[in-house]
Amino acid sequence: MYRRDTLPATNIHLMKSIRLHEISGSPPSTAIVIGSGIVGAATAYYLGKRGVAVHLLEATAPAAEASGAADGAVSVASKRPGTMMTAALRGVALYRDLARDGLLADLYKTRSTFIIAASQAECELLEKHREALLDAGVKAVALSRQALQKRFQVLSPNALMGVEVHDEGHAIGYEIVHRLVKASGAFVHRDTPVREFVEAGGRVAGVVTPKGVMTADAMVIAAGGGSANLLNLDNVLIPRKGQLLVTERAPALNRAMPGAIMSGRYLLSKGSQKGTGALPSRGLGLVIDPLRTGQFLIGGTREDFGDRQTNDIDAVRRILLAAVDLVPGLADVRLLRSFAGVRTAVIDGLPLIGRLPGRENAYVATGFEGDGICLGPLTGKTIAQMICGETPEFDLSDFDPARFMAGKVAA
Amino acid sequence: MNERDVIVIGGGPAGMAAAIEAALAGLSVDLVEQRPTLGGAIYRQQADGGTSPVQSKMARQRFARLSTALAGISANMRFSSVFLGLDADGFVLIENRQIGRIELIRSRAIIVATGAVERILPRPGSELPGVSTAGGLQVMLKETSRAPQGRVLLAGNGPLLLAVAAQLIRLGNPPAGIVEAGDPLRAAALSNVGLLSHPALLAEAAVYLKDIYRAGTPWFRGTRLTRIEKVDGALQATLCDRHDAVRTILVDRIGLHDGIQSNRIGLPAEQTRTGSAPVVVRAGDCREALGAVAAEADGRRAGLLAVSLLSGIATDISVAERAIARQRQAQALITRSFMPVAGGSHLASLPDETLLCRCEGRTVGDLRQLLDRPDPISDREIKHNGRFAMGLCQGRFCASNVAELVALLRPDASKPTPDGLTGQRWPIRPVSIGALTRAAPEDNCED
């Protein structure tokens, strides 16, 4: 695919095949997906299922960025009411399907999310959020302090009230990416950053990489922070660092937790409910997820100015203080690992998903901030449907990249 | 905040020598040692404080000299304290196990002298109770001055097996045998006249061999231990010699050892530019595993280097460097003498069920399956999806074996490194969450 000298001939051939597939509504024969985080991997998987030969172009390695350093929540609980909450509901349902089908059977853990309020302000916020969840059709049950103590015995008495959001789940980002890439049959080109596009008559005919030019019928840009350069979106896509922690196995405490904990503060840090004032530049939103290995995943920060993948004791200590405050038993567990990653966020808080304006065969899917694990498979499926001329099963118009790119020409 | 000039991590020969040099130059020095006493693994002290008679006379003299010099300087000793890493803000994280709290220390320079660890090749059955490392047995001998009960088999590769055998003999329980993959006698006779220029080494070897010969301990050279099984409450070891002849031997305890390697899991990278981030220098076996004599010289070199980096005044490290070069030459000769003679790679011939990673229970077969794909996966993918180097030992046990096996299984792709598998994240050892919540800069420690 890398032969620069044969590019014109290949192009002619490709043009024919594109026209054919547009006339018949059948899938294209080849696609390039740029970026092998969870969104790229899922897109490759659903394209592969439709018989499309996919080349995954990856600047470094699969799940090397946000997907490999995510908290793994497959969750509606924290989403902002509106499109994001609706999308998350569909995203969670798709994980359930993929687990039932067998593809993710051993990787997806179904569990409740318990949003916990530890102050009067958080109680009020939580009650408002529960109403939004109910409106969206989510099973969200309010638990008084007493009910909470009974249902969740390892929780500290500091918990004033809680909302149990049922039928949520957890998935480790890098495991999902690995499984999807393998099942997609796609060839992964590691250490292959895309420098620019090869444009031809309103199409992106190919991409320029350090190893040569590659061409395909359809293009998908799912490159997280790397998408900003390619699409001239430096002022639209912003990095947001997160620090996370993993403990050793603590099976007894793990079993004693009927679900994940999300502190009411998480809603604040994420801005899930508005009217709570300006967000701090370094927010701390506590989540504690009992993993299927018996370990715990504890997170995390949301930092505007940190683009280093490093951990600092100040953040780690504050995360752990908050964790022990809600689950005192964690004090006796050992921390095994700290890690950090950079999420790619969009300035208006909604991802970019859809066709690239002015380009018939190119699509973008990025900017999920902390929701990529939850929404990745749904996004990949929807993009694949669009590429293959099917009616997308989910309406993505709120995420249309045209809102930032109208009339703009990609790099 | 109270910033010191140098913090030395590790109280073995390299750390002690580095602390001495830095303090002699007038720098303020803290020395962090995870155990309650100095000496490191090589000069490990008895639990009651004395030096065990199993230590050689020369080793005892070297340690006494370092101890005396260290007593003459003013270094702040921090015992029972574990180095957890260097955080993004430049704090040195120390777990003080005496008070169960993390101390945050600012230092202009960090000298990391965390020594060496044993290399242990995987073998079917090496996870069975009664199987340990030969170095682990040796540390026990040094601490207790008592030999373990029952029949002991020492197996693997390298001179340490002979040292442990001689120490077991001295304590009254000669081993049932020494299984050595190389054939040092033959190699030495054939080509290693170079060893003659290292009389101290030869003298040490002669003492061990004399004891072993007198005790009648069999030394199976050119032989590999290929499998361990539990049979009638004992351990049955299968030995395979250079002609593929197989025999079994029944014992109660097995000490494995396949060489020495730097202990550098998770350590911060060297950083010799002065600026806002602290200078980081590695010293001794964790930089290059060359043994105690070289470690002491390298500790001096690192101490002098830190002095010159912090003060801007040039120091002379050439004497130390010459001593290190001489030890490097000696180690190369030893390595050549002990080169395994049996044909084929031990790692490549392991059956699928062999445990590679004890913490997460991952096998050689799991790794083969992970690599069975057209595109070569990255180090981090091997780690994440194979779960290698992700368990409690954080890769200390498996990372180098996994890296080497990956290179054997896909010779055309880039060779992974143990560091690439483990990464450089803190904490470099598991640490209590309770202790982390009590983390505080030192000066605010009083509650």
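A salt bridge is a side-chain nitrogen of Lys or Arg within 4 Å of a carboxyl oxygen of Asp or Glu. The exercises below concern a predicted model.

**Exercise 1.** Determine how many salt bridges are counted between chain A and chain B, and examine the pair Glu360(B) and Arg249(A).

*Solution.*
Step 1. Between chain A and chain B, the count is three salt bridges.
Step 2. For Glu360(B) and Arg249(A), the closest N and O atoms are 2.7 Å apart.
Step 3. The cut-off is 4 Å, so this pair qualifies as a salt bridge.

**Exercise 2.** Describe the extent of the interface between chain A and chain B by its residues in contact and its buried area.

*Solution.*
Step 1. On the side of chain A, 41 residues are in contact with 35 residues of chain B.
Step 2. About 3300 Å² is buried between the two chains, and carbon and sulfur atoms give 53% of this area.
Step 3. The interface also holds 20 residue pairs in polar contact, both residues being at pLDDT 80 or more.

**Exercise 3.** State which elements of chain A give two or more residues to the side that touches chain B, and which gives the largest share.

*Solution.*
Step 1. The elements are helix H6 (173-184), strand E7 (187-189), helix H10 (313-326) and strand E16 (334-346) of chain A.
Step 2. E16(A) provides the largest share, seven residues.
Step 3. By class, this side of chain A comprises 22 nonpolar, nine polar and 10 charged residues.

**Exercise 4.** Identify the strand of chain B to which E16(A) is joined.

*Solution.*
Step 1. Two bridges join E16(A) to strand E21 (residues 431-432) of chain B.
Step 2. These two strands run antiparallel.
Step 3. Arg334(A) stands opposite Ser432(B), which lies in E21(B).

Conventions:
Residues numbered from 1 in each chain as written. Chains lettered and ligands numbered in written order. Predicted model: local features only at pLDDT ≥ 70, side-chain atom pairs only at ≥ 80, totals over all residues. Heavy atoms only, no water. Contact = heavy atoms within 4.5 Å. Buried area = accessible area lost by both parts, 1.4 Å probe. Polar contact = N/O pair within 3.5 Å; in protein donor to acceptor, adjacent residues only side chain to side chain. Helix = DSSP H or I, 4+ residues; strand = E, 2+ residues; numbered from the N terminus. Nonpolar A, V, L, I, M, F, W, Y, C, P; charged D, E, K, R; others polar. Pairing = 2+ DSSP bridges.
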